[in-house]
Amino acid sequence: MGIVSIAVFTEADKDMPFIREAKTAVSLGPDTQAYLDMNAIIKAAKATKADAIHPGYGFLSERADFARAVEEAGMIFIGPTPETIDSMGSKIGAKKLLAGKAPLVPGRTSGTVDEWVQAAEEMGWPVLIKASAGGGGRGMRVAHNADELREAMKTAEGEALRAFGEGTVMLEKYIEEVKHIEVQIFGDNYGNVIHLLERECSLQRRHQKVIEEAPSPFVTPELRKEMCSSAVEIAKMLNYRGAGTVEYIVDPKTSKFYFLEVNTRLQVEHPVTELVTNLDLVALQILVAMGIRVEDALGQVRLDSTKPALTTSPVAPIGYAVELRVYAEDFNLMPTVGTVELWESRQIGRNVAFHNAVESGSVISVHYDNMISKVVGWDAFSREACIRKTARALKDTTCFGLTNNKLFLLAIMQHKEYLEGLKLCTKWIADKHNVLKDIAFGMLTKELVFDCAVAACVWNATKNVKPHLRHIPGGWSNTRNRTETKVLKVMKNTHGVLPPGLGEEDECGDVALVMKHQKDRKGVFTFTTGATQVGGIELLSLEHLPLYSVARIKFTDRISTFVVKGPHTAAIEESRLYVCEVETGVEVAFTKVPTLMYPTCEIAELATTRPCSQTNYTFTPNAGEVEDAAAAATPGKKVVSPIMAKVFKTLKNTGDEVTAGETVLILESMKMETKVTTPHSGKLTLKCKEGELTKTGKLLFTVE
């Protein structure tokens, strides 16, 4: 569009890719809350002579006072009018405005705690406490009784205040098995409003979306017409301008839908709508903000100019689209932090796209949301084909060093009910959590670990070999075959698991593999580890790229491709080495133990020769308690941090007598609070203080 982009960033984000992608970037300083500082952002916009501000997905995007301040500063706010945000940016205001005009979920928008408890008793438990501002699952808690409601109100208010600068919450009846269906709307300055069909966002954890798709596999043409018409009427009532989303929950038994809220901003999942409408929604936002009528702008923002241009609301979608959110989190759905040792997303065809927030070397901190990428796929003919190609793209994406939900997403996409699509609801992931974990864990087999170990050894044996003569291949020898031994310590993956039957674990839980191999004069390898011997292994190709290598290896019954990241010189023996088998997407981390050239070396000897560099602390949330997970303790009544986080608040002091099950402190990571309770009764000794950053496994307190 010929528009210069200007980014703002905090010190915590100074090395993120978006800064380099922007034409200009302005620092907001070291304060991690600076994205909520309206004055600082407007000051940066004025300093760079910006004409307009696009508020993005979160932070100030639904703050009417920010939209008003932007316009008062003489710039264009790319979004709804401040008056519309005032009425809809607040979920409480939206419910009051639409009472009697749209089907609403029962609830309360004001009152004392005791009045809310009484209302919950009348509606029936459970109930949902929800932030009036913002979205993305922040400031939302489910309560099943009065005590939980009182506690949930405090937690939800605190999360909402830190995420959106507004801590007001509301109460709703929590309907447990519903579908989350939303309609994309677009309006202009002249009273025109169109819809751009629906999206299904039912797959969620902690009230935050995980997988979205368009069209919904549940919605019939008749239901689509009814819901989209309702959304347009609501938008017209608001004199809506720009992009917005009218969200509904749908009872799958009756197909009856209830108004949930209007998000007065562009949604994270907007790419699926773009693909099934052939429209660039951000470009459409900008044109509408420039004063162009929405119908006139449609023909100027086509993604594919060979397809016909829309002139009004579409009747049916063009094909099928799926979006996968890649999060830095473990299989218990808890956020994680760390360094991305290697990020490589290899796009598969023109109908798959990656929206990456990270690159190799990026550091994920505790300060912001833990979504690191979106993988978006489209197919013209079937939902099944769309899912298949999107899953293939995710498998072919490498993320070394950072715990993430890649295998969990792949487990979802293998599940029969997901593939069918009709039984999905907002609690589906919670209900299937253990099954999905088992599927994900099952992807890491001892056979796959062996294949990755072979790839590591072949890579190590050939990466520095150079041909001495043009007609003699590298690695050729005129001596008899020599057996070489490499010892690779298989590290527990970032989720803390190893496949069963791999071997004896050391005190860290890792397993040492003694990999003996021979290579004949034709370059064919034979590998032996323990009682297993595999021959006929050939390296077909090895491509060295700046940050990693790609090896194609022929086994006796298949050809596999591996991504390998390790040290660049053979002299570095004790270092981390990562291997990803591309077909499955499974990643294995090894530590190279100093080479032992004696074929009599035993695994038992290795366990005593290499010290453990990891802590022995563990954390295992109880099933169904991911949101308020109880802390696990090591022997000695020590309680450790389940995640890397900031100690947000200590509720007890050293010397206090505590009772098992009592909350001792609250951790905060990525705007989400996690309560840490004591599994023991006795006298408390705190080993941390408020504001301190803790690593996973760090001692928080002891109870004697």
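How many bridges join strand 23 to strand 24, and in which direction do the two run? I found five bridges between strand 23 (residues 524-529) and strand 24 (residues 532-544), which run antiparallel; helices (H or I, at least four residues) and strands (E, at least two) are DSSP runs numbered from the N terminus, and two strands pair if DSSP finds at least two bridges between them.

Before going on I noted that this is a predicted model, in which local features need pLDDT of at least 70 and side-chain atom pairs count only at pLDDT 80 or more, while totals for chains, interfaces and linings use all residues. Residues are numbered from 1 along each chain as its sequence is written, and side-chain values use heavy atoms, with hydrogens and water left out.

**Entry: two hairpins.** I saw that Phe 527 stands opposite Val 534 in strand 24, and that strands 23 and 24 form a hairpin with two residues between them, where Gly 530 in the turn has a positive phi of about 60°. Strand 24 is also joined by six bridges to strand 25 (residues 549-554), again antiparallel, with Lys 554 in strand 25 as the bridge partner of Glu 538; the hairpin between strand 24 and strand 25 passes through four residues.

Entry: I then looked up an open sheet of eight strands, whose order is 13-12-9-10-11-14-19-17 with antiparallel pairing. Strand 13 (257-263) and strand 17 (352-356) stand at its edges with a single partner strand each, so one side of each is left without a neighbour in the sheet. Within this sheet, nine bridges join strand 9 (residues 179-187) to strand 12 (residues 242-250), and Gln 184 has Thr 245 in strand 12 as its bridge partner.

**Entry: helices 12 and 13.** I read that the axes of helix 12 (residues 383-395) and helix 13 (residues 406-414) come within 10 Å and cross at roughly 160°, where axes are lines fitted to C-alpha atoms, for helices over the stretch in contact, and angles run from 0 to 180 degrees between N-to-C directions. That makes helix 12 roughly antiparallel to helix 13 (angles over 145 degrees count as such).

Key:
Parallel < 35°, antiparallel > 145°, perpendicular 65-115°, else oblique.
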